[in-house]
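I opened the notebook to follow charged side chains first, then helix packing, then the record. Here is the entry I am working from.

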Amino acid sequence: MNNKEKTRKMVTVAMLGAITMVLGFTPMGYIPLGLINITTMHIPVIIAAILEGPIVGGLVGFIFGLSSIANAMLRPGPISFVFYNPIISVLPRILIGIFAGLTFKGLKDKNNEKIRKISLILWTILTGFLIYLVFYNLTHQAKIYQIVISIVITIIAICMLYLTYKNKNSNLSVAIASFVGTMTNTLFVMGFIYLFYAEKYVRALGISVEAARSTIFGAIITNGLPEAIMSIVLVSAIVKAVRR
């Protein structure tokens with residue numbers, strides 16, 4: 001690695017790490033879509049991993065983890081105590097970058113016609129879900145900004161569907177890396193919460209101890225999958241724009 005590459009990677013860590021911290025300490029870290037609220041704080045980690053590899057992704061993830069601890073201390077809430085533990089707040093965030101980077105590295109050269117067709121199917125499904133989300137917001141009197149945000153994200157997804165259809169190169173590797181990175185965060189955070197703090201966590205939420213397992217692992221579906229979908233849309237669009 002030459003000095004130019006080292007400098008570029010350091011700048012990427014600093015820039016995306018700073019963005020991660022801004023997202024963590026401001027409302028910008030969440031996208032309200034009416035039916036669901038999506039966290040975006042892990043997205044810079046995935047972008048770093050795809051653009052510069054798993055090591056850079058892991059470093060940005062480390063910054064994400066530190067900001068999680070700081071956020072829990074500076075703005076404590078009923079469940080902030082779980083993020084005082086670096087195994088929950090830091091380790092999964094480092095793994096986001098490592099797993100997303102390794103996934104992308106393993107798939108990036110496999111852009112044949114068959115994979116492009118799979119990518120088209122994926123974008124069709126995602127676009128369909130987002131169109132439904134817009135329809136839901138319009139018919140359930142969601143707030144104007146929620147409707148606008150959902151429409152904008154849907155337009156991005158439609159554009160990505162069109163670009164995938166028109167171009168021979170598939171962006172499936174980016175999409176899968178985004179999915180893996182997002183689910184890594186959700187699975188490890190919620191898994192470690194269950195392992196270390198299950199009873200205390202659900203009590204802080206006002207939920208019965210008997211419902212600990214269903215509550216914690218249910219969040220993997222209700223939070224993880226929508227966040228993975230949004231991550232695929234946003235990361236794919238950003239990476240495509242950066243690489244133009």
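Is Lys 9 buried or exposed? I looked it up, keeping in mind that this is a predicted model. Lys 9 is buried, because its relative accessible area is 18% and the cut-off for buried is under 20%.

**Entry 1: the partner of Lys 9.** I asked which residue pairs with Lys 9 in a salt bridge. The partner is Glu 52, with the closest N and O atoms 3.3 Å apart. Lys 9 sits in helix 1 and Glu 52 in helix 2, so this pair ties together parts 43 residues apart in sequence. Glu 52 is buried, at 12% relative accessible area.

**Entry 2: a second bridge to Glu 52.** Arg 8 also meets Glu 52 in a salt bridge, at 2.7 Å from N to O. This pair again links distant parts of the chain: Arg 8 is in helix 1 (residues 3–25), Glu 52 is in helix 2, and 44 residues separate them. Arg 8 is partly exposed, with 39% relative accessibility.

Entry 3: How many salt bridges does the whole structure hold? I find 3. The one left to describe joins Arg 203 and Glu 199, with closest N and O atoms 2.9 Å apart. Both residues lie in helix 8 (residues 172–204). They are 4 residues apart, about one turn of the helix. Arg 203 is exposed at 55% relative accessibility. Glu 199 is partly exposed at 39%. As for shared partners, salt bridges join Arg 8, Lys 9 and Glu 52 into one network.

**Entry 4: packing of helix 2.** I stayed with helix 2 (residues 43–52) and looked at its packing on helix 5 (residues 91–107). The angle is about 35°, and the axes are 8 Å apart. The crossing is right-handed. Helix 2 brings Val 45, Ile 46, Ala 49 and Ile 50 to the contact. From helix 5 come Arg 93, Ile 96, Gly 97, Ala 100, Gly 101 and Phe 104. I sorted this contact by class: 7 nonpolar, 2 polar and 1 charged residues.

**Entry 5: the record.** I then turned to UniProt. Its unreviewed entry annotates "transmembrane region" over several spans, including 45–70, 82–107, 144–165 and 172–196. I checked two of them against the model. Residues 144–165 are 100% helix and 0% strand, with end C-alpha atoms 32 Å apart. Residues 172–196 are also 100% helix and 0% strand, and their end C-alpha atoms lie 36 Å apart.

Conventions:
Residues numbered from 1 in each chain as written. Predicted model: local features only at pLDDT ≥ 70, side-chain atom pairs only at ≥ 80, totals over all residues. Heavy atoms only, no water. Axes fitted to C-alpha atoms, helices over the stretch in contact; angles between N-to-C directions. Helix = DSSP H or I, 4+ residues; strand = E, 2+ residues; numbered from the N terminus. Left-handed = near helix turned anticlockwise from the far one by under 90°. Contact = heavy atoms within 4.5 Å. Nonpolar A, V, L, I, M, F, W, Y, C, P; charged D, E, K, R; others polar. UniProt positions renumbered as here; feature names shortened; annotations may be inferred. Salt bridge = Lys/Arg side-chain N within 4 Å of Asp/Glu carboxyl O. Buried < 20%, exposed > 50% of the residue type's maximum accessible area, 1.4 Å probe, protein only.
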